[in-house]
Amino acid sequence: MDEIRIYPDPILRKKALPLKNVDGQVKEIADRMAESMHANKGIGLAAPQIGVLSQIIVVDLGEGLRILINPEMVEGEGESVLEEGCLSLPNIEVPVKRKDSVFIRGWDLDGKEVNLELVGFPGRVYQHEIDHLNGILIIHHISRLKRELLLKKMLKKLKDS
Ligand SMILES: [Zn+2]
């Protein structure tokens, strides 16, 4: 099984590339992502988190697995702040400001366009995963000082465990 890439793995800061079409290889990557996400009890995962720089995300909020290729936030309205965690940043939570209601567009595994209108927490999860495709982690939503303190704490815990 694919290990989840943990910060400061440099691949987490790279931009994932858009896919031109959905082939068998894309399906295989999406399967591997879903497997790693479920094994780690995650609710979302982006391809760079298993070391693949392609624009693929998987989300499972308990209502079944959704795979989105080339996802983008087309529109967003309102804002709220909530503590978020990330499988690539064990043991820390960060308050992140995100859009309340969003319109997300992407493709499914058949290459068909999918449009999602999401409000509240589900929309937040998609925004988090799309951030990953742009090399942005939750720690990049806070000040540099807070980030350095949190990362020091996280790396110490990882070393001790
Ligand atoms: Zn994450």
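Q55 is buried, at a relative accessible area of 16%. Buried here means under 20% relative accessible area, exposed means over 50%, and partly exposed lies in between (1.4 Å probe, protein chains only). The model is predicted: local features need pLDDT of at least 70, side-chain atom pairs count only at pLDDT 80 or more, and totals for chains, interfaces and linings use all residues. Residues are numbered from 1 along each chain as its sequence is written, and side-chain values use heavy atoms, with hydrogens and water left out.

Q55 sits in the loop between strand 1 (44-46) and strand 2 (56-60). Helices (H or I, at least four residues) and strands (E, at least two) are DSSP runs, numbered from the N terminus. Beyond residues up to four places away in sequence, Q55 touches A16, L17, P18, L19, L68, I69, N70, P71 and L133. Contact means heavy atoms within 4.5 Å.

N70, one of those contacts, is found in strand 3. N70 has a positive phi of about 50 degrees, although it is not a glycine. N70 counts as buried, at 13% relative accessibility.

Five strands form an open sheet in the order 1-2-3-4-5, with antiparallel pairing. Strand 1 and strand 5 (113-119) stand at the edges, each with a single partner strand, so one side of each has no neighbour in the sheet. From one strand to the next, the twist averages 45 degrees. Two strands pair if DSSP finds at least two bridges between them. Strands of a sheet pair through backbone hydrogen bonds, either parallel or antiparallel.

Helix 2 packs on this sheet. Helix 2 touches strand 1, strand 2, strand 3, strand 4 (89-107) and strand 5. Its direction makes about 115 degrees with that of strand 3. Axes are lines fitted to C-alpha atoms, for helices over the stretch in contact, and angles run from 0 to 180 degrees between N-to-C directions.

Five of the five residues of strand 2 are buried, so the strand is largely enclosed by the rest of the structure. Both faces are covered. I56, V58 and D60 lie on one side, I57 and V59 on the other.

Three bridges join strand 1 to strand 2, and the two run antiparallel. L45 has V58 as its bridge partner in strand 2. Five bridges join strand 2 to strand 3, again antiparallel. There I57 partners L68, and D60 stands opposite L65. Strand 2 and strand 3 form a hairpin with four residues between them. In the turn, G62 has a positive phi of about 90 degrees.

## The zinc site

C86 (SG), H128 (NE2) and H132 (NE2) are the protein donors of the zinc ion, lying 2.0 to 2.2 Å from it. Along the chain the donors follow the spacing C-x41-H-x3-H. C86 lies in strand 3 (residues 65-86) and H132 in helix 2 (residues 121-133), so the pair ties together parts that are 46 residues apart in sequence. Both C86 and H132 are buried.

Donors are N, O and S atoms within 2.8 Å of the metal (3.2 Å for Na, K and Ca); water is not among the atoms, so sites may look incomplete.

V125 belongs to helix 2 and counts as buried, at 5% relative accessibility. Leaving aside neighbours within four places in sequence, V125 is in contact with I43, G44, V59 and L61. The C-alpha atoms of V125 and L45 are separated by 9.3 Å, although the two are 80 residues apart along the chain.

The largest pocket has a volume of about 250 Å³. Its lining counts 17 residues, of which I43, G85, C86, H128 and E129 lie nearest its centre. Strand 1, strand 3 and helix 2 each supply at least two lining residues. The largest share, six residues, comes from helix 2.

On a 1 Å grid over the protein atoms alone, a pocket is an open set of points where a 1.4 Å probe fits, with protein on both sides within 12 Å along at least five of seven lines; lining residues have an atom within 4 Å of a point. Grid points are joined across faces, edges and corners, and a volume is the space filled by probe spheres set on the points.

## Backbone details elsewhere

The peptide bond from Y7 to P8 is cis, with omega near 10 degrees. P8 lies in the segment before helix 1 (24-39).

N91, in strand 4, has a positive phi of about 70 degrees although it is not a glycine. N91 is partly exposed, with a relative accessible area of 48%.
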